[in-house]
Amino acid sequence: DTVCVIGLGYIGLPTAAVLAQAGKRVIGVDVKQTNVDAINAGQVPFVEEGLETVVAGTVAQGRLSAQTDTPEADAYIVSVPTPFKGDHDADLSYIEAAARGIAPQLHGGELVVLESTSPPGATEFMADVILEMRPEFTNEPNLPNSLYFSHAPERVLPGRIMIEMVENDRIIGGLTPEASEMNRDLYASFCDGELLLTTARTAEMAKLTENAFRDVNIAFANELSIISDRQGIDVWELIELANHHPRVNILQPGPGVGGHCIAVDPWFIVSAERETAKLIATARNVNDSKPRLVVDKVMDKANRIKDPVVAALGIAFKANIDDLRESPSRNIVGDLAEQMDHGTVLVAEPNIDELPSELEARENVQLAELEDAVERADIVLLLVDHDPFHTFDREKLQEKVVIDTKGLWR
Ligand code: SAJ
């Protein structure tokens, strides 16, 4: 049983690793030679708790390897990026490229699973690309020339991927019931959660729905924080009190919503349904408005200081990870640096060793140790609730202007 996983990022590599751990022979494919080399040396090119042990172990046992070309395999799992193009439409070009790589390797009978978060219709699109290149095959089941296409959206939480990959229930939607069943049998090898079968379109929409649900709920908290600021109310106290009601459970406000999922996926629904997806679009806009409001708040204080030093604590998109993708705090630091004519922004981000290039390029931004950054700062801007910030000695914040966007130091 050979499984080929295409795209060895935050989802593809852990999926490849747990499949190899479950006894499959797994060949990972990635366009980036440096990633391929790292993985073949048993290393992981990003931070994810528990992943490196499994990668190192399965590579050493010869069950996991990586390469840049797509090989022959019994099953393919596509976990490539689906970025935006145009006005928040999904760019399916990576899925198309993966499909074009798979098509020449097929003999009939193979399963092709799309894991990438995708708009409704993407699995059909992937199948069409392959069937156009190989018209001798069909999507109809149980024939010698059948191919099986399915969507199994990933739902793991970065930081807990190795646990959730095994424990979470999975939604599996084949283009045919037979494809769903083949997909289920493969995923049952590593997944202890329930495997719930549906159609590809419903599976695509279910994944988007989960993240839109969370986005809308965070937008509610963020809107409350904007209202509370204007009304002179502590939003965290407000939410804590309201959450005592047995049927109220409000999420936490913050500097915005980041990551490659919650800040992105709802747009795929909006892009498919511009006229009707009104609440979902508004929630996106509320959450996207938060970083600008944080920058305004800091600038208001900074403008009163001669050469202001701002300690920005955290630029990851959330706590205890090194992932800077779609990070509101990273954009806040960039915008602050741009707007400040004088002074410096010191970035304390314990999970990285170097600043992303756009911040590195700015003369008034430096990476600093937490203690040093706070000591030198006039304004301490807390952006991410990383553990070391939780335990930071708050005595050292006296005399400082503190802007705590996560309510960590209340
Ligand atoms: N956030 C808040 N307030 C909150 C909760 C989160 O401001 O109360 C912010 C975080 O700081 C972060 C963003 O939202 O910037 C997203 O963080 P998250 O921890 O809620 O979610 P992600 O993006 O890391 O992972 C989500 C998960 N989806 C859901 O919980 C519905 C995960 O299960 C998905 O697999 C993942 O998206 C994905 O890949 O789609």
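Predicted model: local features only at pLDDT ≥ 70, side-chain atom pairs only at ≥ 80, totals over all residues.
Residues are numbered from 1 along each chain as its sequence is written.

**View 1. Helix 8 against helix 9 (residues 235–242).** The two axes (lines fitted to C-alpha atoms over the stretch in contact, with angles from 0 to 180 degrees between N-to-C directions) come within 9 Å and cross at roughly 125 degrees. Ala221, Leu224, Ser225 and Ser228 of helix 8 meet Val235, Leu238 and Ile239 of helix 9, contact being defined by C-beta atoms, placed from the backbone, that lie within 7 Å. These contact residues divide into five nonpolar, two polar and no charged.

**View 2. Helix 8 (residues 200–231) against helix 11 (residues 278–302).** Here the axes come within 8 Å and cross at roughly 50 degrees, and the helices are therefore oblique to each other. On helix 8 the contact involves Ala212, Asp215, Val216, Ile218, Ala219, Asn222, Glu223 and Ile226, which meet Leu279, Ile280, Ala283, Arg284, Val286, Asn287, Lys290 and Leu293 in helix 11. The residues of this contact comprise 10 nonpolar, two polar and four charged (Ala, Val, Leu, Ile, Met, Phe, Trp, Tyr, Cys and Pro count as nonpolar, Asp, Glu, Lys and Arg as charged, and the others, Gly among them, as polar).

Technical notes: Helix = DSSP H or I, 4+ residues; strand = E, 2+ residues; numbered from the N terminus. Parallel < 35°, antiparallel > 145°, perpendicular 65-115°, else oblique. Contact = placed C-beta atoms within 7 Å.
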